[in-house]
Amino acid sequence: MTEEPSTGPSILYQVKRLELVVRARLDEALRGSGVTTLQYTALTVLAREHGVTAAALARNSFVTPQSMADMLKPLERRGLIRREPNPNSGREVLVYLSEAGREFLIDHEARVSELARQMVADLSPAEIATFRSALHRAWEALR
């Protein structure tokens, strides 16, 4: 299915506009926490995936491996993550969310959940499900 010609903004423009406002609001929610939005994203990935390589974490956090390496240093210094050798590979290091990292996510969960709630406040439960599904299918089509 292709997008119908329109006089309004393109879908790509609308997606980018939404991304930028979400990023700005997340920056506001995290201000003063000492954790950036990109670092927060990495922590949420680690909460879902137990022990991942920095390269996999970078892919799932939407940053380059070099950026991830720079992001992990302050998180490790703060004790929000830990790195351990991969028992299945002598050269690989796995990244884990620490208990302090888990507590950080819990402490900020209400603010982030409120942002998500505000974003879909004018949608019905069926529209939210459709929106979520459409976003996933669009991502699958381009990844």
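**Figure 1. Salt bridges across the predicted model.** A search of the whole structure finds 8 salt bridges, a salt bridge being a side-chain nitrogen of Lys or Arg within 4 Å of a carboxyl oxygen of Asp or Glu. The structure is a predicted model, in which local features need pLDDT of at least 70 and side-chain atom pairs count only at pLDDT 80 or more, whereas totals for chains, interfaces and linings use all residues. Residues are numbered from 1 along each chain as its sequence is written, and side-chain values use heavy atoms, with hydrogens and water left out. Side chains of opposite charge can pair when their charged atoms come close.

Figure 2. Helices (H or I, at least four residues) and strands (E, at least two) are DSSP runs, numbered from the N terminus. In helix 1 (residues 11–30), Glu-28 and Arg-25 lie 3 residues apart, about one turn of the helix, and their side chains meet in a salt bridge at 3.9 Å, N to O. Glu-28 is partly exposed, with a relative accessible area of 46%, and Arg-25 is likewise partly exposed, at 34%; here buried means under 20% relative accessible area, exposed over 50%, and partly exposed in between (1.4 Å probe, protein chains only). In helix 5 (residues 99–119), Glu-114 and Arg-117 are also 3 residues apart, about one turn of the helix, and their salt bridge has an N to O distance of 2.7 Å. Glu-114 is partly exposed at 31%, and Arg-117 is partly exposed at 46%.

**Figure 3. The salt bridge of Glu-76 and Arg-83.** The side chains of Glu-76 and Arg-83 meet at 3.1 Å, N to O. Glu-76 counts as partly exposed, with 33% relative accessibility, and Arg-83 is partly exposed with a relative accessible area of 33%.

**Figure 4. The largest nonpolar core and Phe-104.** A nonpolar core is a set of buried Ala, Val, Leu, Ile, Met, Phe, Trp, Tyr and Cys residues joined through side-chain atoms within 4.5 Å. The largest such core has 25 residues, and those with the most contacts inside it are Leu-43, Leu-57, Met-68 and Phe-104. Two or more residues each come from helix 1, helix 2, helix 3 (54–61), helix 4 (65–77), strand 3 (93–97) and helix 5, and helix 2 gives the most, with 5 residues. The buried residues of helix 2 include Tyr-40, Leu-43, Val-45 and Leu-46. Leaving aside neighbours within four places in sequence, Phe-104 is in contact (heavy atoms within 4.5 Å) with Leu-30, Ser-33, Val-35, Tyr-40, Leu-43, Arg-78 and Leu-80.

**Figure 5. Helix 3 packed on helix 4.** The two helices, helix 3 and helix 4, pack at an angle of about 105 degrees with their axes 9 Å apart, the axes being lines fitted to C-alpha atoms, for helices over the stretch in contact, and angles running from 0 to 180 degrees between N-to-C directions. Helix 3 is therefore roughly perpendicular to helix 4, a term that covers angles of 65 to 115 degrees. Ala-54, Leu-57, Ala-58 and Ser-61 of helix 3 make the contact with Pro-65, Met-68 and Leu-72 of helix 4.

Figure 6. The buried residues of helix 4 are Met-68, Met-71, Leu-72 and Leu-75, and what covers them includes helix 2, helix 3, strand 2 (81–85) and strand 3. Just after helix 4, Gly-79 takes a positive phi of about 80 degrees.

Note on methods: Parallel < 35°, antiparallel > 145°, perpendicular 65-115°, else oblique.
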